[in-house]
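Keep the model open beside you as you read.

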Amino acid sequence: MTEQRQDAGRDTAGEAGGAGRDAVEQAWAELVETARRTVREGLVVGTSGNVSVRVGGTVLVTPSGVPYDRLTPGDALGVDLEGRQLFGDLSPTSELPMHLAIYRETDAGAVVHTHAVHATAVSMLVPELPAVHYMTGILGGPVRVAPYALYGTEELAENMLHALRDRTGCLLQNHGTVTYGDSLSQAYDRTAQLEWMSRLWLTASSLPGHTPTLLSPDQLREAEERLRGYGQRRS
């Protein structure tokens with residue numbers, strides 16, 4: 001029965017949105033591993049947070065309320081950019097409006113949303129995370145905080161888009177983080193860096209009588225330019 005279910009899921013996935021079956025299977029496997037990583041590395045608790053990746057005109061997304069360690073290839077779930085479910089038996093995450101808003105407004109290839117502790121704490125204290133470190137450059141500048149709105153709503157998605165203007169990540173007030181990138185690995189790395197910088201700012205701000213030094217706009221621009229060429233280039 002499980003094998004039949006998985007095969008049926010693959011057949012449907014392979015036809016959806018013009019995406020090839022192999023591409024969908026590979027993307028789903030990477031999505032599940034990324035979602036599990038958010039739990040392992042303490043960025044979410046239980047089934048909180050969610051992950052998505054775009055394959056052609058199809059968005060693969062984690063389902064609502066299912067522990068990530070229970071997800072199988074047969075659980076693959078895909079929607080189009082309007083939110084219409086193309087394949088999968090499970091219901092998509094309640095935060096689907098946020099994910100789709102990013103895909104419709106940017107060229108994002110993947111989105112990661114977490115409830116990371118330090119970043120969420122920062123979202124409750126200041127309107128933006130300032131330039132505490134040069135890695136701020138990978139997110140496009142000081143990280144804005146989107147005003148609070150009920151989870152899963154279009155209002156939250158709209159607030160998030162304003163905070164993401166010219167940025168690849170933002171904080172959601174009293175809620176968590178959202179980052180996007182060309183790939184799941186890039187989106188995840190930006191999430192991890194945002195959580196680390198939030199922890200850094202909280203630590204530096206905790207000493208009475210001292211104010212953390214911040215990078216100037218010129219210093220940050222210089223760092224951004226250098227970060228564009230960071231890493232290995234594939235021939």
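Predicted model: local features only at pLDDT ≥ 70, side-chain atom pairs only at ≥ 80, totals over all residues.

Start with Arg 228, which you'll find in the segment after α7 (217-227). Is Arg 228 buried or exposed? Its relative accessibility is 66%, so it counts as exposed.

The part to treat separately is residues 1-15, where pLDDT stays under 50. For that stretch the model has 18 contacts beyond four places in sequence.

As for the overall layout, the chain has seven helices and nine strands. It runs to 235 residues, and 49% of them count as buried. If you take the contacts between residues at least 6 apart in sequence, 64% join residues at least 24 apart.

On to the inside. The largest nonpolar core has 42 residues, and those with the most contacts inside it include Trp 28, Leu 31, Leu 60, Ile 102 and Met 160. There's also a second, separate core of 18 residues, with Val 122, Val 126, Val 132 and Leu 227 among them.

Why is α3 described as largely enclosed by the rest of the structure? Because eight of its ten residues are buried. Those buried residues are Leu 96, Pro 97, Met 98, His 99, Leu 100, Ala 101, Ile 102 and Tyr 103. Setting aside residues up to four places away in sequence, Ile 102 touches Ala 108, Val 111, Met 160, Leu 161, Leu 164, Val 178 and Tyr 180.

Now step back to Glu 95, in the loop between β4 (85-87) and α3 (96-105). What the side chain of Glu 95 does reach is the backbone nitrogen of Gly 152, at 3.0 Å. Beyond its neighbours within four places in sequence, Glu 95 is in contact with Asn 50, His 113, Tyr 151, Gly 152, Leu 156 and His 175.

His 113 turns up again around Thr 177, a residue of strand β9 (residues 176-181). Thr 177 has 0% relative accessibility, so it counts as buried. Its side chain makes a polar contact of 2.8 Å with the side chain of Thr 114. Leaving out neighbours within four places in sequence, the residues in contact with Thr 177 include Val 112, His 113, Ala 116, Cys 170, Thr 191 and Leu 194.

Asn 174, in the loop between β8 and β9, has a positive phi near 55° though it is a residue other than glycine. With 45% relative accessibility, Asn 174 counts as partly exposed. Asp 166 sits in the loop between α5 (154-163) and β8 (169-172), and this non-glycine residue has a positive phi of about 60°. Asp 166 counts as exposed because its relative accessibility is 64%.

Definitions and conventions:
Residues numbered from 1 in each chain as written. Heavy atoms only, no water. pLDDT = per-residue confidence, 0-100. Contact = heavy atoms within 4.5 Å. Helix = DSSP H or I, 4+ residues; strand = E, 2+ residues; numbered from the N terminus. Polar contact = N/O pair within 3.5 Å; in protein donor to acceptor, adjacent residues only side chain to side chain. Core = buried A, V, L, I, M, F, W, Y, C linked by side-chain atoms within 4.5 Å. Buried < 20%, exposed > 50% of the residue type's maximum accessible area, 1.4 Å probe, protein only.
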